[in-house]
Amino acid sequence: MKTTIRLIAVMMVLTGTVYGQSVPSLDSVSLTASTVVGGNSVEGRASLSGPAPYDVEVSLAVDPPKAAKVPSSITIKAGDSSTTFTVVTPVSKMVVGGADSQVSIYANYGVTKHANLTILAPVSFDSMVDRVIAREHVFVDGIKLLHPLAETYIQDMQEDKQHNSVPTKDQYFLGRLDLSTTTAEQIFEKDKPKAHHLLSPFAMLGNPFTRSYVPQGFANMILIDRDLQKSNYYFNFVRQEFLGEIRCIVVDVQPREHTKKGLFIGRIWIEDQDLNIVRFNGTYANGSNYSSYLHFDSWRRNVQPGVWLPSYVYSEESDRKSATPPFRLSRFKAQMRLWDYDEVHIQHQTEFTDVKVDVDKDQDEATRQQAVPVEAQRNWEKLAEDNAVDHLQMIGLLSPPGPVDKVLQTVVNNLIITNKLEIVPDVRCRVLLTTPLESFTIGHTIVISRGLLDVLPDEASLAMILSHELAHVALGHKIDTKFAFNDRFFFRDSAAFQRMNFVRSPLDEQAADTKALELLANSPYKDNLTTAGLFLKLVQERASALANLICPHLGNPLGNKATIRLASVAGAAGQLEDKVDQVAALSLGARIDLDPWSNQIKMMAAKHVTLLSTAEKMPLELTPFSPYLTRTGVESGTHPQTDAVVAAKQGN
């Protein structure tokens with residue numbers, strides 16, 4: 001019986017009728033794109049000549065069979081005249097070179113229809129280099145319009161008796177870059193650097209054989225070449241590899257003979273969609289004065305769709321004699337971070353749309369709601385606090401409110417609740433985006449620096465730092481209410497460290513230490529302060545060598561060689577020991593990830609790495625950058641990689 005029904009159905013299809021109605025035939029198969037780069041997908045559609053009277057099964061196939069993948073069949077539902085399917089193409093094993101592949105997608109229902117698809121091979125290496133250079137010119141033109149903050153921190157290193165490198169001296173620069181003509185910086189300090197070669201990171205001091213670092217030379221390391229030209233360089237393909245989620249083409253770059261001095265020499269990494277340079281590693285060639293330039297590893301992040309901007313630079317040199325005696329360059333490590341690219345800053349949290357004006361209330365009620373003198377004073381102090389916090393955020397020194405603040409707030413709340421403190425208005429926490437280790441209060445706002453958050457070894461150590469600042473608030477140590485007048489902030493960004501300070505008197509600091517010990521004694525952290533004390537001891541031990549790291553910009557120092565904050569906690573902690581399992585402080589950059597576009601920060605996912613020797617502890621030290629690169633969102637249905645390859649091929 002079943003065989004008879006199937007036979008009747010087949011006869012109906014062959015005759016083109018179903019109970020006197022004509023059966024639609026397969027009319028076409030189409031694709032949303034005729035070309036695609038391997039690894040991307042294309043949407044296909046099979047269409048009938050009319051609505052299906054019942055569910056229709058259409059067979060699909062690919063020729064050559066392994067060139068792409070499609071479902072073996074699709075169903076067009078009764079009443080519909082078409083349906084879609086996906087063509088998946090394999091990822092190309094090579095990023096550059098190869099030939100395009102012609103693929104046919106077949107559909108069959110009574111009759112056979114097909115559509116052709118070209119799977120584009122990666123562009124030729126020569127065409128890719130042309131495209132990369134064009135993209136780099138667009139990048140240089142765009143970066144000239146931006147004025148990010150650039151922070152450079154340098155540690156001079158020396159081997160100890162165990163052949164471990166330890167810092168012996170440090171230097172620090174913070175400035176806003178102006179890339180319109182050079183890489184000049186508005187430095188956040190009083191003294192400006194003296195004139196020097198635009199690409200060299202050194203300036204001469206009084207002694208003609210002495211050199212000092214200057215920020216402009218490091219700032220140049222964000223540019224591979226202001227005018228990258230193919231005629232000036234040799235480009236050699238090395239391999240392809242992933243940087244995080246980004247597949248990259250790796251290329252070695254060398255200046256050609258008889259070209260000008262100061263050209264880049266090293267290796268570049270090119271992301272495979274729009275062919276932007278996302279990393280370059282090397283130095284600048286300089287002929288007979290080669291050693292004037294340092295080696296560096298420069299990274300860019302995808303901050304907006306299609307936009308890659310400089311974010312990190314790591315520089316390092318070992319002991320070596322210069323090619324032009326008697327100069328000698330010591331072993332050193334340096335990091336440069338860039339942020340505050342976005343010109344639109346989040347202002348005070350109270351928006352204009354939140355303002356409500358009630359005009360229906362009578363005069364007596366309005367009079368009763370006026371602030372009494374105590375409330376008026378609190379409001380005045382809160383205005384000064386808000387003005388100062390908002391200004392620091394506006395100039396890019398303070399991160400906008402975010403998830404890290406909530407982590408800090410949790411620790412502060414633990415201290416407040418266990419000590420039964422009543423504080424009005426509420427305490428809040430914010431993060432200063434700079435590296436030097438500092439914490440301070442702005443009224444009832446506790447501020448802690450990114451660098452300090454990076455190196456604190458555990459939560460109890462964080463509680464110790466926050467307890468000192470909470471003590472200032474609990475003791476009623478006031479903000480200078482001069483900041484209630486907004487005209488106090490009419491100054492250049494680079495003058496912020498001179499015009500704004502939140503330093504407490506020695507008596508206030510001593511009182512805060514005493515109160516902090518009381519807060520900690522009543523807290524859940526009271527039995528876990530050993531590591532916190534070791535942290536303080538380490539800071540004191542390295543205060544002379546790392547004077548710029550431990551020197552605050554806006555508040556009081558954690559300590560110096562003679563004294564340390566919360567000395568009794570340090571005294572109860574025992575001795576610092578050269579053991580793998582005693583970690584008194586982490587390396588810089590260990591915890592906080594900073595978005596260079598929005599200034600938002602987040603805690604990096606903790607990853608346990610077993611230390612194999614004490615040399616790997618590197619407390620308070622700089623290390624190379626190794627960011628996990630990702631790509632921001634791409635609009636649905638677009639094929640940026642295909643567009644890049646097509647554009648490069650058309651440029652031939």
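How many residues in the lining of the largest pocket are nonpolar, how many polar and how many charged? The lining divides into 23 nonpolar, 10 polar and 10 charged residues. Here Ala, Val, Leu, Ile, Met, Phe, Trp, Tyr, Cys and Pro count as nonpolar, Asp, Glu, Lys and Arg as charged, and the others, Gly among them, as polar.

The model is predicted: local features need pLDDT of at least 70, side-chain atom pairs count only at pLDDT 80 or more, and totals for chains, interfaces and linings use all residues. Residues are numbered from 1 along each chain as its sequence is written, and side-chain values use heavy atoms, with hydrogens and water left out.

**View 1. The largest pocket.** This pocket holds about 1,800 Å³ of space. A pocket is an open set of points on a 1 Å grid over the protein atoms alone, where a 1.4 Å probe fits, with protein on both sides within 12 Å along at least five of seven lines; lining residues have an atom within 4 Å of a point. Grid points are joined across faces, edges and corners, and the volume is the space filled by probe spheres set on the points. The lining of the largest pocket has 43 residues, and G589, A590, R591, M604 and A605 are the closest to the centre. Two or more lining residues come from each of strand 20 (296-304), strand 21 (307-317), strand 24 (332-339), strand 28 (592-594) and strand 29 (601-603). Helices (H or I, at least four residues) and strands (E, at least two) are DSSP runs, numbered from the N terminus.

**View 2. The second largest pocket.** About 510 Å³ of space lies here. The lining has 23 residues, with V166, R542, D578, K617 and P619 nearest the centre. Strand 12 (165-178) and helix 11 (530-541) each give two or more residues to this lining. By class, the lining of the second largest pocket splits into 10 nonpolar, 5 polar and 8 charged residues.

View 3. Strand 11 (residues 149-159) pairs with strand 12 in the antiparallel sense, over 11 bridges. Two strands pair if DSSP finds at least two bridges between them. D156 has K169 in strand 12 as its bridge partner. The two strands form a hairpin with 5 residues between them. In the turn, H163 has a positive phi of about 65°.

View 4. The structure holds 11 aromatic pairs. Rings of Phe, Tyr and Trp (its six-membered ring) pair if their centres lie within 6.5 Å; planes under 30 degrees apart count as stacked, over 60 as edge-to-face and the rest as tilted. The ring centres of Y284 and F296 are 5.2 Å apart and the planes stand at 40°, so this pair is tilted. Y284 belongs to strand 19 (residues 277-284) and F296 to strand 20, so the pair ties together parts 12 residues apart in sequence. Both Y284 and F296 are buried. Buried means under 20% relative accessible area, exposed over 50%, partly exposed in between (1.4 Å probe, protein chains only). Ring pairs link F264, F280, Y284 and F296 into a cluster.

**View 5. The open sheet 3-5-8.** Three strands form this open sheet in the order 3-5-8, with antiparallel pairing. Strand 3 (26-31) and strand 8 are the edge strands, each pairing on one side only. The twist averages 20° from one strand to the next. Axes for such angles are lines fitted to C-alpha atoms, for helices over the stretch in contact, and angles run from 0 to 180 degrees between N-to-C directions. Strand 3 and strand 5 share 5 bridges. Here S28 has S47 in strand 5 as its bridge partner. Strand 5 (residues 41-48) and strand 8 pair over 7 bridges, also in the antiparallel sense. A46 stands opposite T83 in strand 8. In a regular strand the side chains alternate between the two faces of the sheet. Strand 8 (residues 82-88) has a covered face of T83, F85 and V87. Its uncovered face carries S82, T84, T86 and V88.

**View 6. The mixed sheet 4-10-9-6-7.** This open sheet has 5 strands and mixed pairing. Strand 4 (35-37) and strand 7 (73-76) stand at the edges with a single partner strand each, so one side of each is left without a neighbour in the sheet. The twist averages 30° from one strand to the next. Strand 6 (residues 56-63) pairs with strand 7 in the antiparallel sense over 4 bridges. S59 stands opposite S73 in strand 7.
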